[in-house]
Amino acid sequence: MAAQYYTVATTDELPSGDRIVVEIGHHVIGVFNVDGHYYAIRDVCTHDDGPLADGELIGCEIECPRHGARFDLRDGSVKSPPAVLPVPVYPVRVEGNEVQVEVDV
Ligand code: FES
């Protein structure tokens with residue numbers, strides 16, 4: 001099935017500095033608003049499966065609450081160990097007041 005956009009929140013429900021976790025198909029996704037920019041990443045740390053969206057947000061980086069690995073929300077790249085593999089990211093768009101994430105379910 002082709003990827004398509006799914007509405008995950010309204011812009012009111014996801015203010016700047018906030019994050020939500022959504023499940024779409026078998027994907028568990030953390031969706032973030034950083035200063036009006038929206039990002040979506042797989043909510044599973046590549047080190048040992050920690051729940052990334054429970055971590056601390058530092059600029060555009062999320063710190064895994066389990067062992068402190070950091071990932072860049074913009075591209076999923078690792079910014080701090082112990083993780084070595086990037087985390088998948090998903091395209092995000094805003095349509096009207098709806099925040100939408102593109103997922104291939
Ligand atoms: S599970 Fe995320 S740093 Fe270990």
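This is a predicted model: local features need pLDDT of at least 70, side-chain atom pairs count only at pLDDT 80 or more; totals for chains, interfaces and linings use all residues.
The secondary structure of the protein chain amounts to zero helices and 11 strands, and the order of elements along the sequence is accordingly β-β-β-β-β-β-β-β-β-β-β. The radius of gyration of the protein chain is 13 Å, close to the 13 Å that the globule rule gives for 105 residues, so the chain is as compact as a globular protein of that length. Taken along the principal axes, the box filled by the C-alpha atoms is roughly 40 × 30 × 20 Å. Of the 105 residues, 28% count as buried. When contacts between residues at least 6 apart in sequence are considered, 40% of them join residues that are at least 24 apart.

Within this arrangement, three strands form an open sheet in the order S1-S11-S10, and the pairing is antiparallel. From one strand to the next, the twist averages 35 degrees. The antiparallel strands S1 and S11, the latter spanning residues 98-103, are joined by six bridges; in one of the pairings involving S11, glutamine 4 has valine 103 as its bridge partner.

A cis peptide bond, with omega of about 15 degrees, joins proline 81 and proline 82. Proline 82 is found in the loop that lies between strand S8 (78-80) and strand S9 (89-90).

Two aspartates adopt positive phi values although neither is a glycine. For aspartate 35, phi is about 55 degrees, and this residue lies in the loop between strand S3 (27-34) and strand S4 (37-42). Aspartate 35 has 8 other C-beta atoms within 10 Å and is therefore exposed, since a residue counts as exposed if 12 or fewer such atoms lie within that distance. For aspartate 49, phi is near 70 degrees, and the residue is placed in the loop between S4 and strand S5 (56-58). Aspartate 49, with 11 C-beta neighbours inside 10 Å, likewise counts as exposed.

Technical notes: Residues are numbered from 1 along each chain as its sequence is written. Two strands pair if DSSP finds at least two bridges between them. Helices (H or I, at least four residues) and strands (E, at least two) are DSSP runs, numbered from the N terminus. Axes are lines fitted to C-alpha atoms, for helices over the stretch in contact, and angles run from 0 to 180 degrees between N-to-C directions. The radius of gyration is taken over C-alpha atoms; the globule rule is 2.2 Å times the number of residues to the power 0.38. A residue is buried if 20 or more other C-beta atoms lie within 10 Å of its own, exposed if 12 or fewer, and partly exposed in between; C-beta atoms are placed from the backbone. Two residues are in contact if their C-beta atoms, placed from the backbone, lie within 7 Å.
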